[in-house]
2 protein chains.
Amino acid sequence: VKFEINILGCGGAMPTRHRNPSAQLINIQEHYCLMDCGEGTQMQIRRFGLRMQRIETIFISHLHGDHYLGLPGLLQTMHLLGRTKEVTVVGPPQLEQLLTDHFKLASTKGLRFPIQYIKTQAKTAEVVFENKKFSVTSVPLKHKIATTGFVFREQEKPRRFIPSAAEEFSIPYYRIDGIKNGDDFIQEDGTVIPNKEMTLDPEPALAYAYMSDTAYKESIVEHITGVNALYHEASFTEENRKRAKETFHSTASDAAKIAAMAKVKHLYLGHFSARYKNTDGFVAEGRVHFEDLTICEDGMTITL
Amino acid sequence: VKFEINILGCGGAMPTRHRNPSAQLINIQEHYCLMDCGEGTQMQIRRFGLRMQRIETIFISHLHGDHYLGLPGLLQTMHLLGRTKEVTVVGPPQLEQLLTDHFKLASTKGLRFPIQYIKTQAKTAEVVFENKKFSVTSVPLKHKIATTGFVFREQEKPRRFIPSAAEEFSIPYYRIDGIKNGDDFIQEDGTVIPNKEMTLDPEPALAYAYMSDTAYKESIVEHITGVNALYHEASFTEENRKRAKETFHSTASDAAKIAAMAKVKHLYLGHFSARYKNTDGFVAEGRVHFEDLTICEDGMTITL
């Protein structure tokens, strides 16, 4: 069962030759989410051979251009490719108006598919999306404008039924779903077979957290504790600490401190300022606080 | 003296792996214009090693996403790079509001540089921009929404002063500008030196026409007659004639007929629909009507 993240863009506000603005394609058990949609996202999807029409749900963290300006073009291309299936867009309240204005000016009769809007707020954490496979919680961040991170968390998985138990205890097929959900089994003669003899513990529910853009914010920690992977922005290194403060961005060590406090399994850094020629400083400063750290590159795949 | 066009994107409404949405950088005697600004234009400028901050004037043909969605990001990056010099934006009336809304939502205190807006209309041709080096005329096109093409025409150039004439006729330096503009020269003894003995004919004033997006429209011809280079959209070949009609786009033969009637020096085709795997059909169908034809590629430079 897949939980996979494709990094489509992990550059900062100014794209560089090698890093596009923010966007990630997240595949959770074959439900595809797009996390942010900076300018050029549709071209990156094509470039990396991914399938745009599989996207069902789009999450936008905030309305700075490098996080959403690819969205009108992406939706337009989905339309031109013949899409009829609904898209859900989760993001700041003004996003609906922005997209509506764009499509009205372009005198598009309307996209061939419906868009369902879910509005985020940046005051308190809340579940903004949920289905049988996973839930998504928005987390208030600290940035110049209202911004939310998102935690993608698989639902608890069923216990794993031991195939040989079916014959051993004469279990009819229609009882197996119940047993996977924890039922014991009562045989015809009244013997109770405890659930533990027929099942193994479930696979762990995996979780991924996307925290961008944000200054250092400790209240994030409680919402991301123990996640398998944390993507945290790290626009700067310490030499630009002052600039980080002014622009409400994090340094690599800010991000690594959050990762350490939250005891995440692995930290991924991105959203680097275009001023840096390489990322050595980010690795060095981040590892002081948290060892399991990876620098993101466009085109990279993270498998949980 | 340069007149050069860099093709930043010559794809159609849907970008492909090899062709970005519409954008061209035009250098006329070191005045840099941007012609259309599809999504990803700022990345293309970087990719091809061109200089964004040299751009002084931006022309937008119409408000379909593939012609303007790169503009907010480009202006934002100019700002982040420290620009203070004014930018002139020439385009449809609603463009100012679109950009203002974007920057307001992003709560940008304001760009560090002023934008001067010049509004186009798609009813009649008119000069929309002019300086000492060149003029730009908007030309109404035939598309689903109000759209204008643009003709970039160098001003008539001064006559070329023959250096040896200065000594031969004892011409003081301060008279040379007048002579370049056609003055005769009167020597101290009253002898009149006719202008032709001191100058050569001027270099020809060059012209470039950008006509995209548009269905076949004969009234374009009078505005582009004799231009050195015509970029004309050719979204389709004849097998998709019906689709061209529905979407108000041209076929390769439409474009070539216009080029032939206007007796342009050279025709450049672009804005190809993503459905075509190669451009052989465009060449074949276009050459039936006009021989001097080139298929545009992203990254290509046209020198007039």
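In the predicted model, Asp213(B) is found in the loop that runs between β14 (207-211) and α7 (221-224) of chain B. The peptide bond leading from Ser212(B) to Asp213(B) is cis, with omega near 0 degrees. In chain A, Asp213(A) likewise sits in the loop between β14 (207-211) and α7 (221-224), and a cis peptide bond, with omega at about -5 degrees, joins Ser212(A) to Asp213(A). Most residues other than glycine have a negative phi, and most peptide bonds are trans.

Positive phi values were also found in chain A. Glu30(A), a residue other than glycine, has a phi near 70 degrees. Glu30(A) belongs to the loop between β2 and β3 (31-37) of chain A and is partly exposed, its relative accessible area being 35%. His271(A) is not a glycine either, and its phi is positive at about 65 degrees. This histidine, His271(A), is placed in the loop between β16 (267-270) and α10 (280-287) of chain A. With a relative accessible area of 1%, His271(A) is buried. A glycine with positive phi, Gly82(A), follows α3(A), and its phi is near 95 degrees.

The arrangement of the two chains was examined next.

The contact between the chains draws on 36 residues from chain A and 36 residues from chain B. The copies meet through the same surface, because 100% of the interface residues of chain A are also interface residues in chain B. The size of an interface is often given as the accessible area lost when the parts come together. Here the area buried between chain A and chain B is about 2,900 Å², and carbon and sulfur atoms give 62% of this area. On the side of chain A, the residues that lose the most area to chain B are Met14(A), Glu39(A) and Leu105(A), which together give 22% of what that side buries.

The elements of chain A that give two or more residues to the side touching chain B are α1 (41-47), α2 (65-68), α3 (71-80) and α4 (95-105). Of the contributions to this side, that of α1(A) is the most, with 5 residues. By class, the side of chain A that touches chain B holds 15 nonpolar, 15 polar and 6 charged residues.

The helix α3(A) is mostly covered, with 8 of its 10 residues buried. The buried residues in α3(A) include Leu71(A), Pro72(A), Gly73(A), Leu74(A) and Leu75(A). Thr77(A), Met78(A) and His79(A) are also buried in this helix.

Asn20(A) counts as buried, because its relative accessibility is 11% and the limit for buried is under 20%. Residues up to four places away in sequence aside, Asn20(A) touches Met43(B) as well as residues of chain A, among them Leu8(A), Cys10(A), Pro15(A), Gly40(A), Gln44(A) and Asp298(A). Glu39(A) is also touched by Asn20(A), and the side chain of Asn20(A) reaches the backbone oxygen of Glu39(A) at 3.5 Å.

How values were computed. Residues are numbered from 1 along each chain as its sequence is written. Chains are lettered from A and ligands numbered from 1 in the order in which they are written. This is a predicted model: local features need pLDDT of at least 70, side-chain atom pairs count only at pLDDT 80 or more; totals for chains, interfaces and linings use all residues. Side-chain values use heavy atoms; hydrogens and water are left out. Contact means heavy atoms within 4.5 Å. Buried area is the accessible area (1.4 Å probe) that two parts lose on being put together, summed over both. Helices (H or I, at least four residues) and strands (E, at least two) are DSSP runs, numbered from the N terminus. Ala, Val, Leu, Ile, Met, Phe, Trp, Tyr, Cys and Pro count as nonpolar, Asp, Glu, Lys and Arg as charged, and the others, Gly among them, as polar. Buried means under 20% relative accessible area, exposed over 50%, partly exposed in between (1.4 Å probe, protein chains only). A polar contact is a pair of N or O atoms within 3.5 Å; within protein, one must be able to donate a hydrogen and the other to accept it, and residues adjacent in sequence count only if both atoms are side-chain atoms.
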